[in-house]
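Subject: Structure for your review

Dear colleague,

Please find below the structure that I promised to pass on, followed by notes on what was found in it. I would be grateful if you read the notes with the structure open beside them.

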Amino acid sequence: MAILGMEQYAFYLQDKSHAAGTDSIQELPPGVSILFPYGLLKAEDPLPHSWKVTSDTIAAWVAKQTGALFIKATDVDGIFREGKLIRETFTSDLSENFESCIDPALPEFLQKNRMECIVINGKFPEG
């Protein structure tokens with residue numbers, strides 16, 4: 001049901017942005033496109049079925065499959081430890097006690113796949 005919710009949000013984003021839509025990551029259209037994830041994820045079934053896995057880990061999986069740089073745009077400045085913003089960290093340094101804008105499954109996925117993640121505040125992308 002959560003993935004179907006993402007699918008509905010993709011329709012909303014496409015309607016508002018007029019970007020190309022796709023349900024495949026094999027032949028991406030040039031430029032910005034909106035991914036309709038339900039069919040792809042149902043066919044591939046690449047991730048654990050858990051509430052710890054959200055669009056963050058799904059986006060990281062898509063980035064891995066396509067060879068794209070993984071950038072997470074969110075509405076906060078990033079990951080905090082003891083109330084202080086961490087400018088750079090390693091996934092192995094993240095414990096269950098970190099305050100974060102990322103889903104709990106993402107650090108393990110990034111570490112397992114030797115990937116980086118850049119977190120930006122979408123309200124202030126220049127920062």
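Which residues does Asp77 touch, not counting residues up to four places away in sequence? Leaving out those neighbours, Asp77 touches Leu85 and Asn121, where contact means heavy atoms within 4.5 Å. Before going further, please note that this is a predicted model, in which local features need pLDDT of at least 70 and side-chain atom pairs count only at pLDDT 80 or more, while totals for chains, interfaces and linings use all residues. Residues are numbered from 1 along each chain as its sequence is written, and side-chain values use heavy atoms, with hydrogens and water left out.

To stay with Asp77, this residue is found in the loop between β3 and β4 (80-81); helices (H or I, at least four residues) and strands (E, at least two) are DSSP runs, numbered from the N terminus. The side chain of Asp77 makes a polar contact of 2.9 Å with the side chain of Asn121. A polar contact here is a pair of N or O atoms within 3.5 Å, of which, within protein, one must be able to donate a hydrogen and the other to accept it, and residues adjacent in sequence count only if both atoms are side-chain atoms. Asp77 is partly exposed, with a relative accessible area of 47%, on a scale where buried means under 20%, exposed over 50% and partly exposed in between (1.4 Å probe, protein chains only). Asp93 is 16 residues from Asp77 in sequence, and their C-alpha atoms are 18 Å apart in space.

Asp56, by contrast, is buried, at a relative accessible area of 9%, and lies in helix α3. Its side chain reaches the backbone nitrogen of Asp103 at 2.7 Å, and, not counting residues up to four places away in sequence, Asp56 touches Phe70, Lys72, Cys101, Ile102, Asp103 and Leu106.

Thr22, placed in strand β1 (residues 20-22), also counts as buried, at 11% relative accessibility. The side chain of Thr22 reaches the backbone oxygen of Ser24 at 3.0 Å, and among the residues that Thr22 touches, not counting those up to four places away in sequence, are Ser33, Ile34 and Leu35.

The largest pocket holds about 1000 Å³ of space, and 28 residues line it, the closest to its centre being Leu13, Ser33, Leu35, Ala59 and Ile71. On a 1 Å grid over the protein atoms alone, a pocket is an open set of points where a 1.4 Å probe fits, with protein on both sides within 12 Å along at least five of seven lines, and lining residues have an atom within 4 Å of a point. Grid points are joined across faces, edges and corners, and the volume is the space filled by probe spheres set on the points. At least two lining residues come from each of α1 (2-17), β2 (33-35), α3 (55-66) and β3 (71-74), and α3 gives the most, with seven. The lining divides into 21 nonpolar, five polar and two charged residues, with Ala, Val, Leu, Ile, Met, Phe, Trp, Tyr, Cys and Pro counted as nonpolar, Asp, Glu, Lys and Arg as charged, and the others, Gly among them, as polar.

In helix α2 (residues 37-44), Pro37, Leu40 and Leu41 are buried. These residues cover an arc of only 90° around the axis, which puts them on the same side of α2; the arc is that of the directions from the helix axis to the C-beta atoms. An α-helix has 3.6 residues a turn, so residues three or four places apart point the same way. Lys42 and Ala43, on the other side of α2, are exposed, whereas the cover over the buried residues includes α1, β2 and α3.

Some backbone angles also deserve a look. Asp45, which follows α2, has a positive phi near 45°. His18, in the loop between α1 and β1, has a positive phi near 60° although it is a residue other than glycine, and is exposed, with a relative accessible area of 70%. Arg114, in the loop between α4 (106-112) and β6 (118-121), is likewise not a glycine and has a positive phi of about 55°; at 81% relative accessibility, Arg114 counts as exposed.

With kind regards
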